[in-house]
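Me: I have a structure on the screen and would like to learn how to read it. Please take me through some features one at a time.

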Amino acid sequence: MSVKECSHHKGKKHKLFRRIFWGVVIFAFIVLVTVLIIWAILKPTKPTFILQDVTVYAFNATTANFLTSNFQVTLSSRNPNDKIGIYYDSLNTYVTYRNQQVTFRTTIPPSYQGHKEEDVWSPFVYGTNVPVAPYNFVGLSQDQNNGNVLVVVKIDGKVRWKVGSFISGHYNLYVRCPAFITFGPQSTGIAIGNNAVKYQLVQRCNVGV
């Protein structure tokens, strides 16, 4: 076989490889555009969260600049989409007072939420001798003495959206649920034994994605 014939065959192979390469690129581009168009039409709506109740087992701010607390919070989450599912890949809940975290983080197990489905979680969140900034501790002590403390139950996590067989990348989820905890004569809670008090709140949460 001559050198000229070998060069001719190599040229055909290069053309074939180029056609295959550009065919794959064009196909991937069409798939991506199709997914984006479907995504724009469906317009995924972020889930809704409601803080159903808070049970307080301990809330002790008597030691200067330290707080010991133990809560059980009941949270419901609803997927409002009728064609989009939600993967909750990581969820961590905790409690803050005046933007300072006063409990440890509690992890909620990963889950999948189908179309129009609702889930309910009841994690315990607690902290033992958690340091509180002095200026916040003064306000916390005053609020507790006045019988009314505003805390915020927070959830931070990552979610993915599922449309048909397509699953998106991760999106950050931020949930903020204000909760008024009352003490003494002003208490609106229900004693459930062992010094525990349950507060029925049914408080809608702020959700950011």
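**Reading the features**

Reply: Start with a loop: lysine 116 sits between strand 6 (111-113) and strand 7 (118-121). Helices (H or I, at least four residues) and strands (E, at least two) are DSSP runs, numbered from the N terminus. This is a predicted model, in which local features need pLDDT of at least 70 and side-chain atom pairs count only at pLDDT 80 or more, while totals for chains, interfaces and linings use all residues. Residues are numbered from 1 along each chain as its sequence is written, and side-chain values use heavy atoms, with hydrogens and water left out.

Me: What is the phi of lysine 116?

Reply: Phi is positive there, about 60°, although lysine 116 is not a glycine. Asparagine 129 also has a positive phi without being a glycine, near 50°. Asparagine 129 belongs to strand 8 (residues 124-131).

Me: How should I read a nonpolar core, and how many residues has the largest one?

Reply: In soluble globular proteins, nonpolar side chains tend to be buried together. A nonpolar core is a set of buried Ala, Val, Leu, Ile, Met, Phe, Trp, Tyr and Cys residues joined through side-chain atoms within 4.5 Å. The largest one here has 39 residues, and Phe49 and Leu51 have the most contacts inside it. The elements that supply two or more residues to this core include strand 1 (48-60), helix 2 (134-146) and strand 9 (148-163). Strand 9 gives the largest share, seven residues.

Me: Which residues are in contact with phenylalanine 49?

Reply: Contact means heavy atoms within 4.5 Å. Leaving aside neighbours within four places in sequence, the partners of phenylalanine 49 include Tyr88, Trp121, Ile155, Leu173, Val175 and Val207. Ser76, Ser77, Gln203, Arg204 and Cys205 are also among them.

Me: Now the charged residues. How many salt bridges does the structure hold?

Reply: Side chains of opposite charge can pair when their charged atoms come close. A salt bridge is a side-chain nitrogen of Lys or Arg within 4 Å of a carboxyl oxygen of Asp or Glu. The structure holds four. One of them joins aspartate 89 and arginine 160, at 2.6 Å from N to O. Aspartate 89 is in strand 3 and arginine 160 in strand 9, so this pair ties together parts 71 residues apart in sequence. Aspartate 89 is partly exposed at 22%, and arginine 160 is partly exposed at 23%.

Me: What does arginine 98 form with aspartate 143?

Reply: These two form a salt bridge, with the closest N and O atoms 3.8 Å apart. Arginine 98 lies in the loop between strand 3 and strand 4 (100-101), and aspartate 143 lies in helix 2, 45 residues apart. Arginine 98 is partly exposed at 47%, whereas aspartate 143 counts as buried because its relative accessibility is 19%.

Me: Which residues are linked in a network of salt bridges?

Reply: The network links Arg105, Asp156 and Arg176. Within it, aspartate 156 and arginine 105 have their closest N and O atoms 3.7 Å apart. Aspartate 156 is buried at 15%, whereas arginine 105 is partly exposed at 43%.

Conventions:
Buried < 20%, exposed > 50% of the residue type's maximum accessible area, 1.4 Å probe, protein only.
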